[in-house]
Amino acid sequence: MPTAGHIERHFTASAAVRDIVIGMADGLTVPFALAAGLTGAVAATANASGIIVTAGLAEIAAGSIAMGLGGYLAAKTDSEHYESEMEREMRETDEIPDQEEEEVAKVFRGYGMNEAQLRPVVSAICGDKQRWVDFMMRFELGLEPPDPTRAGRSAGTIAGSYIAGGLIPLAPYILSPYLFGGSIHTALWVSVGVTILALFVFGSVKGHYTGVRPWRGGMQTVLVGGLAAAAAFFIARLIKIG
């Protein structure tokens with residue numbers, strides 16, 4: 001009797017999701033805090049909305065570049081660390097092979113294998129130098145081979161997510177002269193609303209892809225992002241008062 005094949009569906013784009021989370025979360029909170037903080041400072045100034053939009057766009061540009069560069073350097077550091085550790089493992093398999101073989105055996109002992117069971121496996125692994133080094137990299141050091149294109153993609157993903165997130169709280173100020181008669185206080189409250197909504201939607205989508213219930217992921221993101229934005233806003237107010 002024919003049976004259906006077992007299909008496993010695992011989410012494997014965790015690095016990309018992490019980059020989107022980093023960029024979008026900061027993009028939603030930092031420009032919002034800046035715009036909210038400036039609202040009280042320039043409310044009575046002529047063309048207040050223009051000042052806030054200009055400052056917000058400048059922050060988004062600078063922030064996206066800084067965040068993207070940070071993502072690029074982090075990915076490059078991971079790649080360089082992997083290469084240096086691989087060179088060290090290659091050298092140790094030549095200089096102290098007995099100790100390295102014992103480290104392979106120790107891994108299998110941790111899975112409950114006895115000496116009779118693990119010895120053929122250890123011999124098979126250590127019989128090929130590249131396989132031996134790859135095994136040590138993965139199971140001794142917990143390192144996976146880095147994607148050579150990761151640095152550039154990480155930079156682009158983080159920067160793009162930051163820009164997309166930053167434009168959301170800034171949009172009410174951009175549209176203020178057309179929708180709210182130039183009232184930046186109205187723009188502020190609309191910005192609060194759309195930012196909270198965006199945080200919830202973003203958290204829900206992230207939860208869907210990472211195995212967390214969408215509503216729970218949305219509420220967690222609103223809570224964390226809201227606290228970060230509120231903290232930044234009140235710090236800006238304190239600086240203004242000082």
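Helices H2 and H5 are oblique to each other. The reason lies in the angle: their axes cross at roughly 125°, and a pair counts as roughly antiparallel only over 145 degrees. This is a predicted model, and the geometry here is read from it.

Start with that pair. Two packed helices are described by the angle between their axes and the distance between the axes. The angle has been given; for the distance, the axes of H2 and H5 come within 10 Å. H5 covers residues 129-140. H2 passes H5 in a right-handed crossing. On the H2 side, the residues that meet H5 are Tyr82, Glu85, Met86, Glu89, Met90, Thr93 and Asp94. On the H5 side, they are Lys129, Gln130, Trp132, Val133, Asp134, Met136, Met137 and Glu140. By class, this contact holds seven nonpolar, two polar and six charged residues.

Now follow H2 to another partner. H2 spans residues 48-95, and helix H6 spans residues 150-179. Their axes come within 7 Å. The crossing angle is roughly 165°. That value is over 145 degrees, so H2 and H6 are roughly antiparallel to each other. The crossing of H2 and H6 is right-handed. Its contact residues divide into 18 nonpolar, nine polar and three charged.

Next, look at Arg150. This residue sits in helix H6. Is Arg150 buried or exposed? Its relative accessibility is 15%, so Arg150 counts as buried; the cut-off for buried is under 20%. Which residues does Arg150 touch, leaving aside its neighbours within four places in sequence? They are Ala15, Arg18, Asp19 and Ala75.

Side chains of opposite charge can pair when their charged atoms come close. Asp19 forms a salt bridge with Arg150, and the closest N and O atoms are 2.6 Å apart. Asp19 lies in helix H1 (residues 14-42) and Arg150 in helix H6, so this pair ties together parts that are 131 residues apart in sequence. Asp19 has a relative accessibility of 3%, so Asp19 counts as buried. Arg150, at 15%, counts as buried too.

How many salt bridges does the model hold? The count comes to ten. Two others among them can be traced here. Arg109 forms a salt bridge with Glu102, with the closest N and O atoms 2.7 Å apart. Arg109 has a relative accessibility of 29%, so Arg109 counts as partly exposed. Glu102 is partly exposed as well, with a relative accessible area of 37%. Elsewhere, salt bridges that share partners join Glu85, Arg88, Glu89 and Glu92 into one network.

Within that group, the side chains of Glu89 and Arg88 meet in a salt bridge, at 3.6 Å from N to O. What is the setting of each partner? Glu89 has 0% relative accessibility, so Glu89 counts as buried. Arg88, at 26%, counts as partly exposed.

How values were computed
Residues are numbered from 1 along each chain as its sequence is written. This is a predicted model: local features need pLDDT of at least 70, side-chain atom pairs count only at pLDDT 80 or more; totals for chains, interfaces and linings use all residues. Side-chain values use heavy atoms; hydrogens and water are left out. Axes are lines fitted to C-alpha atoms, for helices over the stretch in contact, and angles run from 0 to 180 degrees between N-to-C directions. Helices (H or I, at least four residues) and strands (E, at least two) are DSSP runs, numbered from the N terminus. Angles under 35 degrees count as roughly parallel, over 145 as roughly antiparallel, 65 to 115 as roughly perpendicular and the rest as oblique. A crossing is left-handed if the near helix is turned anticlockwise from the far one by less than a right angle, and right-handed if clockwise. Ala, Val, Leu, Ile, Met, Phe, Trp, Tyr, Cys and Pro count as nonpolar, Asp, Glu, Lys and Arg as charged, and the others, Gly among them, as polar. Buried means under 20% relative accessible area, exposed over 50%, partly exposed in between (1.4 Å probe, protein chains only). Contact means heavy atoms within 4.5 Å. A salt bridge is a side-chain nitrogen of Lys or Arg within 4 Å of a carboxyl oxygen of Asp or Glu.
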